[in-house]
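Here is a short briefing on one protein chain.

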Amino acid sequence: MVNKETRTCNQTRNIRSEIIVNRHLNDKDTYYGGDIMAHFDSAGGGAIFNFIKKASFTATVDEMTFVSPVYKSEQIYVEAFVSGAGTSSVEVFTKLIATNLKTFEKRLAAYAFLTYVVQDRNNPEFTMPTLVPESEEEITICEGYAKRREMNLEKRKQGKKIKDVIQLTPIWEQR
């Protein structure tokens, strides 16, 4: 029998930070949501690498919730950790904490769940490590993995139906 490796959520953790400046702002003078998504994807990719030590790719953004806007001159702290794993896919939880640099008040600005797929998932020698949550936050988030995975598999079925009917020819070329 193969001795399965274990990793704690904390061992998978990946962190990014940045101070928001003019080039990050949208037309509402708040941090551009697309940049938040890019931070989440990058931090999530680092977390999955910390978990499996192998290449992976982003399969889906399963849930993305914007809680409060981020403003110029605030510092953002993006944190990601693995929150569940199947046999070839891994779910990562990400969060963005904004800090007002004048008052030092912190608040949750956004969070997301993303799914990544192991690049060489068909390698018979690959075994997904066992994930061990430790903190209250990790335990609570990881407890919801099975239900989120079930919902994602159902969304994937619906997505296949949509994908099968999407037109590849631009509307102006259709006659």
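Valine 21 is partly exposed, with a relative accessible area of 35%; partly exposed means between the buried class (under 20%) and the exposed class (over 50%), with a 1.4 Å probe and protein chains only. This is a predicted model: local features need pLDDT of at least 70, side-chain atom pairs count only at pLDDT 80 or more, and totals for chains, interfaces and linings use all residues. Residues are numbered from 1 along each chain as its sequence is written, and side-chain values use heavy atoms, with hydrogens and water left out.

**Surface patch**

- Valine 21 sits in the loop between β2 (14-19) and α2 (33-52).
- Together, Ile19, Val21 and Leu101 make a nonpolar surface patch of about 210 Å².
- Patches take residues with over 30% relative accessible area and no salt bridge; nonpolar side chains (Val, Leu, Ile, Met, Phe, Trp, Tyr) are joined within 5 Å, like charges within 9 Å.
- Accessible areas come from the Shrake-Rupley method with a 1.4 Å probe; for residues, only the protein chains shown count as cover.

**Overall fold**

- The protein chain has 4 helices and 7 strands. These are DSSP runs numbered from the N terminus: helices are H or I with at least four residues, strands are E with at least two.
- Their order along the sequence is β-α-β-α-β-β-β-β-β-α-α.
- Along the principal axes, the C-alpha atoms fill a box of roughly 60 × 55 × 25 Å.
- The chain has 175 residues, and 36% of them count as buried.
- Take the contacts between residues at least 6 apart in sequence: 75% join residues at least 24 apart. Contact means heavy atoms within 4.5 Å.

**Charges and salt bridges**

- The chain carries 24 positive and 23 negative charges, and their mean positions are 4 Å apart.
- Lys and Arg count as positive, Asp and Glu as negative; His and the chain ends are not counted. Each charge is placed at NZ of Lys, CZ of Arg, CG of Asp or CD of Glu.
- The structure holds 11 salt bridges. A salt bridge is a side-chain nitrogen of Lys or Arg within 4 Å of a carboxyl oxygen of Asp or Glu.
- One of them joins glutamate 79 and arginine 13, with the closest N and O atoms 2.2 Å apart. The pair links distant parts of the chain: glutamate 79 is in strand β4 (residues 74-85), arginine 13 in the loop between α1 (9-12) and β2, 66 residues apart.
- Glutamate 79 and arginine 13 are both buried. A network of salt bridges links Arg13, Glu79 and Glu138.
- Glutamate 137 and lysine 95 also meet through their side chains in a salt bridge (2.9 Å, N to O). Glutamate 137 lies in helix α3 (residues 136-143) and lysine 95 in strand β5 (residues 89-100), so the pair ties together parts 42 residues apart in sequence.
- Glutamate 137 is partly exposed, at 31% relative accessible area. Lysine 95 counts as buried, at 13%.
- Another salt bridge joins the side chains of lysine 28 and aspartate 27 (3.0 Å, N to O). Lysine 28 and aspartate 27 are both exposed.

**A buried strand residue**

- Threonine 99 belongs to strand β5. Its relative accessibility is 7%, so threonine 99 counts as buried.
- Neighbours within four places in sequence aside, threonine 99 is in contact with Glu74, Gln75, Phe104, Glu105 and Lys106.

**Positive phi**

- Aspartate 29 has phi near 60°, a positive value in a residue other than glycine. The loop between β2 and α2 holds aspartate 29.
- At 51% relative accessibility, aspartate 29 counts as exposed.
- Serine 73 has phi near 70°, again a positive value in a residue other than glycine. Serine 73 is in the loop between β3 (56-66) and β4.
- Serine 73 is partly exposed, with a relative accessible area of 42%.

**A distance across the chain**

- Glutamate 154 lies in helix α4 (residues 145-165), and is partly exposed at 41% relative accessible area.
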